[in-house]
Amino acid sequence: MTGRLPFEGADAAARVHAHASRIARAPAELVPQLPPQLSLLVMKLLEKTPEHRYTDAAGVLADLRRCETLLRQHGRIPLFALDAHSALRKPGGAGLVLGRDAELQALFALYREVADSARMRAAWVSGPSGIGKSTLLREAVARMQRSGAPLLAAAKSEEGRRGKPYALLVEVLDPLLRHVVGCANEEFAVWRNRIAAAAKPVERTLAGLLPALGVILGLQSGQPVPAAPEAAPALERERVLQGMARLIACFAGPRVRS
Ligand SMILES: Nc1ncnc2c1ncn2[C@@H]1O[C@H](COP(=O)(O)OP(=O)(O)OP(=O)(O)O)[C@@H](O)[C@H]1O
Ligand SMILES: [Mg+2]
(Lines give C-alpha, C1' and ligand atoms only; values in the text may rest on other atoms or scores of the structure.)
(Ligands and ions follow the chains in the order given, each with its own letter.)
Protein backbone atom coordinates (compact mmCIF):
# COMPACT_ATOMS: atom_id res chain seq x y z
CA MET A 1 0.00 0.00 0.00
CA THR A 2 2.74 2.47 0.87
CA GLY A 3 5.76 0.92 -0.81
CA ARG A 4 7.71 0.96 2.44
CA LEU A 5 8.00 -1.03 5.65
CA PRO A 6 6.25 0.18 8.80
CA PHE A 7 9.55 0.37 10.69
CA GLU A 8 13.06 1.00 9.46
CA GLY A 9 16.16 0.31 11.50
CA ALA A 10 19.87 -0.13 11.06
CA ASP A 11 19.87 -3.70 12.33
CA ALA A 12 17.56 -6.40 13.60
CA ALA A 13 17.77 -5.19 17.22
CA ALA A 14 16.73 -1.66 16.22
CA ARG A 15 13.81 -3.02 14.20
CA VAL A 16 12.64 -5.30 16.99
CA HIS A 17 12.81 -2.37 19.39
CA ALA A 18 10.87 -0.15 16.97
CA HIS A 19 8.23 -2.82 16.42
CA ALA A 20 7.72 -3.22 20.12
CA SER A 21 7.84 0.40 21.22
CA ARG A 22 6.86 2.72 18.38
CA ILE A 23 3.57 3.25 16.62
CA ALA A 24 3.87 3.08 12.86
CA ARG A 25 2.72 6.02 10.77
CA ALA A 26 -0.73 5.38 9.37
CA PRO A 27 -0.69 4.38 5.68
CA ALA A 28 -3.16 7.19 4.88
CA GLU A 29 -0.63 9.73 6.17
CA LEU A 30 1.88 8.43 3.66
CA VAL A 31 -0.55 7.92 0.78
CA PRO A 32 -3.30 10.56 1.09
CA GLN A 33 -5.55 9.04 -1.58
CA LEU A 34 -5.79 5.73 0.36
CA PRO A 35 -9.28 5.08 1.79
CA PRO A 36 -9.15 5.83 5.55
CA GLN A 37 -10.87 2.55 6.33
CA LEU A 38 -8.04 0.55 4.73
CA SER A 39 -5.54 2.59 6.67
CA LEU A 40 -7.36 1.82 9.92
CA LEU A 41 -7.44 -1.84 9.00
CA VAL A 42 -3.66 -1.91 8.58
CA MET A 43 -3.20 -0.09 11.88
CA LYS A 44 -5.37 -2.69 13.58
CA LEU A 45 -3.08 -5.38 12.22
CA LEU A 46 -0.11 -3.51 13.69
CA GLU A 47 -1.57 -3.09 17.18
CA LYS A 48 0.89 -4.00 19.95
CA THR A 49 -1.49 -5.90 22.21
CA PRO A 50 -2.88 -9.12 20.72
CA GLU A 51 -6.41 -8.36 22.01
CA HIS A 52 -6.50 -5.22 19.91
CA ARG A 53 -5.48 -7.05 16.75
CA TYR A 54 -7.70 -9.28 14.65
CA THR A 55 -8.51 -12.59 16.28
CA ASP A 56 -7.90 -14.49 13.06
CA ALA A 57 -7.37 -14.13 9.33
CA ALA A 58 -11.07 -14.75 8.67
CA GLY A 59 -11.81 -11.45 10.41
CA VAL A 60 -9.40 -9.58 8.13
CA LEU A 61 -10.84 -11.23 5.07
CA ALA A 62 -14.41 -10.40 6.11
CA ASP A 63 -13.50 -6.71 6.52
CA LEU A 64 -11.63 -6.60 3.20
CA ARG A 65 -14.62 -8.17 1.46
CA ARG A 66 -16.89 -5.60 3.07
CA CYS A 67 -14.60 -2.80 1.86
CA GLU A 68 -14.78 -4.23 -1.65
CA THR A 69 -18.57 -4.48 -1.59
CA LEU A 70 -18.97 -0.93 -0.25
CA LEU A 71 -16.57 0.40 -2.88
CA ARG A 72 -18.59 -1.27 -5.64
CA GLN A 73 -21.91 -0.03 -4.30
CA HIS A 74 -20.98 3.52 -3.29
CA GLY A 75 -17.78 4.25 -5.12
CA ARG A 76 -16.10 4.86 -1.75
CA ILE A 77 -15.66 3.09 1.58
CA PRO A 78 -17.59 4.66 4.46
CA LEU A 79 -16.07 3.94 7.87
CA PHE A 80 -17.42 0.91 9.72
CA ALA A 81 -16.48 -0.90 12.93
CA LEU A 82 -13.65 -3.31 12.20
CA ASP A 83 -13.68 -6.97 13.23
CA ALA A 84 -17.38 -7.00 14.13
CA HIS A 85 -17.26 -10.52 12.74
CA SER A 86 -15.18 -11.92 15.64
CA ALA A 87 -17.15 -10.02 18.30
CA LEU A 88 -20.23 -11.86 17.10
CA ARG A 89 -18.54 -15.21 17.26
CA LYS A 90 -17.56 -14.89 20.95
CA PRO A 91 -20.72 -14.20 22.92
CA GLY A 92 -19.88 -13.32 26.50
CA GLY A 93 -16.19 -13.33 25.74
CA ALA A 94 -13.54 -15.71 26.98
CA GLY A 95 -12.33 -15.95 30.56
CA LEU A 96 -15.65 -16.28 32.32
CA VAL A 97 -14.91 -17.62 35.79
CA LEU A 98 -17.84 -18.59 37.94
CA GLY A 99 -18.15 -19.05 41.69
CA ARG A 100 -14.59 -18.18 42.61
CA ASP A 101 -15.06 -14.71 44.07
CA ALA A 102 -13.74 -15.61 47.52
CA GLU A 103 -10.62 -17.28 46.13
CA LEU A 104 -10.01 -14.42 43.72
CA GLN A 105 -10.36 -11.88 46.50
CA ALA A 106 -7.93 -13.78 48.71
CA LEU A 107 -5.33 -13.95 45.94
CA PHE A 108 -5.82 -10.30 45.10
CA ALA A 109 -5.43 -9.27 48.75
CA LEU A 110 -2.17 -11.18 48.92
CA TYR A 111 -0.96 -9.46 45.79
CA ARG A 112 -1.83 -6.04 47.24
CA GLU A 113 0.15 -6.85 50.34
CA VAL A 114 3.22 -7.67 48.26
CA ALA A 115 2.77 -4.63 46.01
CA ASP A 116 2.20 -2.22 48.90
CA SER A 117 4.69 -3.43 51.45
CA ALA A 118 7.25 -5.32 49.34
CA ARG A 119 6.89 -8.35 51.60
CA MET A 120 7.16 -11.80 50.13
CA ARG A 121 4.05 -13.92 50.11
CA ALA A 122 3.22 -17.38 48.86
CA ALA A 123 -0.12 -18.97 48.10
CA TRP A 124 -0.90 -22.62 47.60
CA VAL A 125 -3.73 -23.53 45.30
CA SER A 126 -4.53 -27.20 45.31
CA GLY A 127 -7.27 -29.51 44.22
CA PRO A 128 -8.03 -32.45 41.97
CA SER A 129 -7.34 -32.33 38.27
CA GLY A 130 -9.87 -30.26 36.34
CA ILE A 131 -11.26 -28.44 39.40
CA GLY A 132 -10.19 -25.09 37.96
CA LYS A 133 -6.76 -24.23 39.42
CA SER A 134 -5.27 -22.95 36.18
CA THR A 135 -8.46 -21.07 35.36
CA LEU A 136 -8.46 -19.41 38.78
CA LEU A 137 -4.84 -18.33 38.49
CA ARG A 138 -5.29 -17.04 34.95
CA GLU A 139 -8.19 -14.90 36.09
CA ALA A 140 -6.31 -13.69 39.18
CA VAL A 141 -3.36 -12.65 37.05
CA ALA A 142 -5.67 -10.92 34.57
CA ARG A 143 -7.24 -8.93 37.42
CA MET A 144 -3.85 -7.89 38.73
CA GLN A 145 -2.91 -6.73 35.27
CA ARG A 146 -6.14 -4.80 34.88
CA SER A 147 -5.56 -3.09 38.22
CA GLY A 148 -2.45 -1.51 36.75
CA ALA A 149 0.04 -4.05 38.04
CA PRO A 150 3.38 -3.39 36.48
CA LEU A 151 5.06 -6.65 35.69
CA LEU A 152 3.92 -10.15 36.43
CA ALA A 153 5.92 -13.24 35.70
CA ALA A 154 4.39 -16.69 35.60
CA ALA A 155 5.70 -20.10 34.73
CA LYS A 156 4.54 -23.63 35.11
CA SER A 157 6.68 -26.56 36.07
CA GLU A 158 5.55 -29.66 34.28
CA GLU A 159 6.32 -33.04 35.66
CA GLY A 160 8.69 -34.87 33.38
CA ARG A 161 9.80 -31.86 31.39
CA ARG A 162 13.40 -32.67 30.75
CA GLY A 163 16.10 -31.65 28.37
CA LYS A 164 15.64 -27.91 28.13
CA PRO A 165 18.08 -26.35 30.59
CA TYR A 166 16.71 -23.80 33.02
CA ALA A 167 13.30 -24.04 31.29
CA LEU A 168 11.30 -22.77 34.24
CA LEU A 169 13.50 -19.73 34.87
CA VAL A 170 13.62 -18.96 31.17
CA GLU A 171 9.83 -18.98 31.14
CA VAL A 172 9.78 -16.51 34.04
CA LEU A 173 12.39 -14.16 32.62
CA ASP A 174 11.51 -14.12 28.94
CA PRO A 175 8.33 -12.01 29.14
CA LEU A 176 9.97 -9.61 31.60
CA LEU A 177 12.88 -9.03 29.25
CA ARG A 178 10.56 -8.70 26.30
CA HIS A 179 8.67 -6.04 28.19
CA VAL A 180 11.94 -4.13 28.44
CA VAL A 181 12.56 -4.47 24.70
CA GLY A 182 9.23 -2.72 24.21
CA CYS A 183 9.94 0.16 26.60
CA ALA A 184 10.33 3.72 25.35
CA ASN A 185 13.87 5.00 24.97
CA GLU A 186 14.60 6.56 28.35
CA GLU A 187 12.96 3.80 30.36
CA PHE A 188 14.74 1.29 28.15
CA ALA A 189 18.09 2.90 28.94
CA VAL A 190 17.49 2.62 32.70
CA TRP A 191 16.54 -1.03 32.37
CA ARG A 192 19.45 -1.78 30.08
CA ASN A 193 21.96 -0.50 32.64
CA ARG A 194 20.41 -2.48 35.46
CA ILE A 195 20.18 -5.62 33.39
CA ALA A 196 23.69 -5.35 31.99
CA ALA A 197 25.11 -5.15 35.51
CA ALA A 198 23.01 -8.09 36.69
CA ALA A 199 23.86 -10.36 33.78
CA LYS A 200 27.63 -10.05 34.19
CA PRO A 201 29.79 -12.09 33.84
CA VAL A 202 27.56 -14.72 32.25
CA GLU A 203 25.68 -12.46 29.83
CA ARG A 204 26.61 -14.49 26.75
CA THR A 205 25.46 -17.77 28.24
CA LEU A 206 22.27 -16.11 29.47
CA ALA A 207 21.64 -14.49 26.09
CA GLY A 208 21.93 -17.93 24.52
CA LEU A 209 19.00 -19.00 26.71
CA LEU A 210 17.13 -15.69 26.56
CA PRO A 211 17.28 -14.07 23.11
CA ALA A 212 15.59 -10.89 24.40
CA LEU A 213 18.59 -10.35 26.67
CA GLY A 214 20.85 -10.33 23.62
CA VAL A 215 18.62 -7.70 22.03
CA ILE A 216 18.68 -5.51 25.15
CA LEU A 217 22.43 -5.74 25.59
CA GLY A 218 23.07 -5.39 21.87
CA LEU A 219 24.98 -8.66 21.70
CA GLN A 220 25.47 -9.93 18.19
CA SER A 221 22.98 -12.71 17.62
CA GLY A 222 25.35 -14.42 15.15
CA GLN A 223 27.98 -14.90 17.82
CA PRO A 224 27.59 -18.35 19.30
CA VAL A 225 27.55 -19.03 22.99
CA PRO A 226 30.93 -20.41 24.01
CA ALA A 227 30.63 -24.13 23.37
CA ALA A 228 32.85 -25.11 26.28
CA PRO A 229 32.42 -22.84 29.29
CA GLU A 230 35.67 -22.12 31.06
CA ALA A 231 34.36 -23.24 34.42
CA ALA A 232 33.55 -26.81 35.44
CA PRO A 233 29.90 -27.71 34.71
CA ALA A 234 28.72 -27.53 38.31
CA LEU A 235 30.39 -24.17 38.81
CA GLU A 236 29.08 -22.85 35.49
CA ARG A 237 25.58 -23.95 36.45
CA GLU A 238 25.91 -22.14 39.75
CA ARG A 239 27.03 -18.95 37.96
CA VAL A 240 24.15 -19.13 35.49
CA LEU A 241 21.63 -19.66 38.30
CA GLN A 242 23.07 -16.74 40.23
CA GLY A 243 22.92 -14.59 37.10
CA MET A 244 19.27 -15.51 36.63
CA ALA A 245 18.54 -14.73 40.28
CA ARG A 246 20.14 -11.29 39.84
CA LEU A 247 18.04 -10.72 36.71
CA ILE A 248 14.86 -11.58 38.60
CA ALA A 249 15.96 -9.22 41.39
CA CYS A 250 16.22 -6.42 38.79
CA PHE A 251 12.49 -6.71 38.28
CA ALA A 252 11.60 -7.20 41.92
CA GLY A 253 12.67 -3.71 42.93
CA PRO A 254 10.82 -0.43 42.61
CA ARG A 255 9.34 0.33 39.25
CA VAL A 256 11.60 1.94 36.66
CA ARG A 257 10.41 5.39 35.65
CA SER A 258 11.99 7.44 32.98
N1 LIG B 1 -14.71 -21.14 37.95
C2 LIG B 1 -14.91 -21.63 36.72
N3 LIG B 1 -15.86 -21.12 35.92
C4 LIG B 1 -16.05 -21.60 34.70
N5 LIG B 1 -15.33 -22.59 34.15
C6 LIG B 1 -14.37 -23.16 34.88
C7 LIG B 1 -14.09 -22.68 36.20
N8 LIG B 1 -13.07 -23.40 36.70
C9 LIG B 1 -12.73 -24.26 35.73
N10 LIG B 1 -13.48 -24.13 34.64
C11 LIG B 1 -13.35 -24.91 33.42
O12 LIG B 1 -13.01 -26.25 33.78
C13 LIG B 1 -11.99 -26.76 32.97
C14 LIG B 1 -10.82 -27.26 33.79
O15 LIG B 1 -10.25 -26.19 34.52
P16 LIG B 1 -8.68 -26.04 34.76
O17 LIG B 1 -7.93 -26.41 33.55
O18 LIG B 1 -8.47 -24.68 35.31
O19 LIG B 1 -8.43 -27.13 35.88
P20 LIG B 1 -7.07 -27.47 36.67
O21 LIG B 1 -7.44 -27.55 38.11
O22 LIG B 1 -6.01 -26.49 36.30
O23 LIG B 1 -6.74 -28.89 36.11
P24 LIG B 1 -5.30 -29.64 36.09
O25 LIG B 1 -5.03 -30.07 37.49
O26 LIG B 1 -5.57 -30.82 35.20
O27 LIG B 1 -4.31 -28.69 35.53
C28 LIG B 1 -11.63 -25.66 32.00
O29 LIG B 1 -12.23 -25.92 30.76
C30 LIG B 1 -12.19 -24.41 32.61
O31 LIG B 1 -12.57 -23.49 31.62
MG1 LIG C 1 -4.14 -26.77 35.41
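Student: What makes His-17 count as buried?

Tutor: Its neighbour count. A residue is buried if 20 or more other C-beta atoms lie within 10 Å of its own, exposed if 12 or fewer, and partly exposed in between, with C-beta atoms placed from the backbone. His-17 has 22 C-beta neighbours inside 10 Å, so it counts as buried. His-17 lies in helix α1 (residues 12-21). Its C-alpha atom is 9.7 Å from that of Phe-7, ten residues away along the chain.

Student: What kind of model is this, and how are its parts numbered?

Tutor: This is a predicted model, where local features need pLDDT of at least 70, side-chain atom pairs count only at pLDDT 80 or more, and totals for chains, interfaces and linings use all residues. Residues are numbered from 1 along each chain as its sequence is written, while chains are lettered from A and ligands numbered from 1 in the order in which they are written.

Student: Why is Asp-83 called partly exposed?

Tutor: Asp-83 has 18 other C-beta atoms within 10 Å, so it is partly exposed. It sits in the loop between α4 and α5 (84-89). Asp-83 is not a glycine, yet its phi is positive, about 60°.

Student: What makes Tyr-166 partly exposed?

Tutor: Tyr-166 has 17 other C-beta atoms within 10 Å, which means partly exposed. Tyr-166 also has a positive phi, near 55°, without being a glycine. Its place is the loop between α7 (133-146) and α8.

Student: How many helices and strands does the chain have?

Tutor: Twelve helices and zero strands. Both are DSSP runs, numbered from the N terminus: helices are H or I, at least four residues, and strands are E, at least two. Of the chain's 258 residues, 13% count as buried.

Student: What makes α4 hardly covered?

Tutor: Among its 18 residues, one is buried. Gly-75 follows α4, with a positive phi near 75°.

Student: What makes a set of residues a nonpolar core?

Tutor: Its members are buried Ala, Val, Leu, Ile, Met, Phe, Trp, Tyr and Cys residues, joined through C-beta atoms within 7 Å. The largest one here has 21 residues, and Leu-177, Leu-206, Leu-210, Leu-213 and Ile-216 touch the most other members. At least two residues each come from α8 (167-181), α9 (185-199), α10 (203-209), α11 (211-217) and α12 (233-252). The largest share, five residues, is from α8.

Student: Which residues is Ile-216 in contact with, leaving aside its neighbours within four places in sequence?

Tutor: Contact means that the C-beta atoms, placed from the backbone, lie within 7 Å. By that test, Ile-216 is in contact with Leu-177, Val-180, Val-181, Arg-192 and Ile-195.

Student: Which residues are around ligand 1?

Tutor: Here the C-beta atom, placed from the backbone, must lie within 6 Å of the molecule. Among those around ligand 1 are Gly-130, Lys-133 and Ser-134.

Student: How many residues of each class does the shell around ligand 1 have?

Tutor: Three nonpolar, seven polar and two charged. Ala, Val, Leu, Ile, Met, Phe, Trp, Tyr, Cys and Pro count as nonpolar, Asp, Glu, Lys and Arg as charged, and the others, Gly among them, as polar.

Conventions. Contact = placed C-beta atoms within 7 Å.
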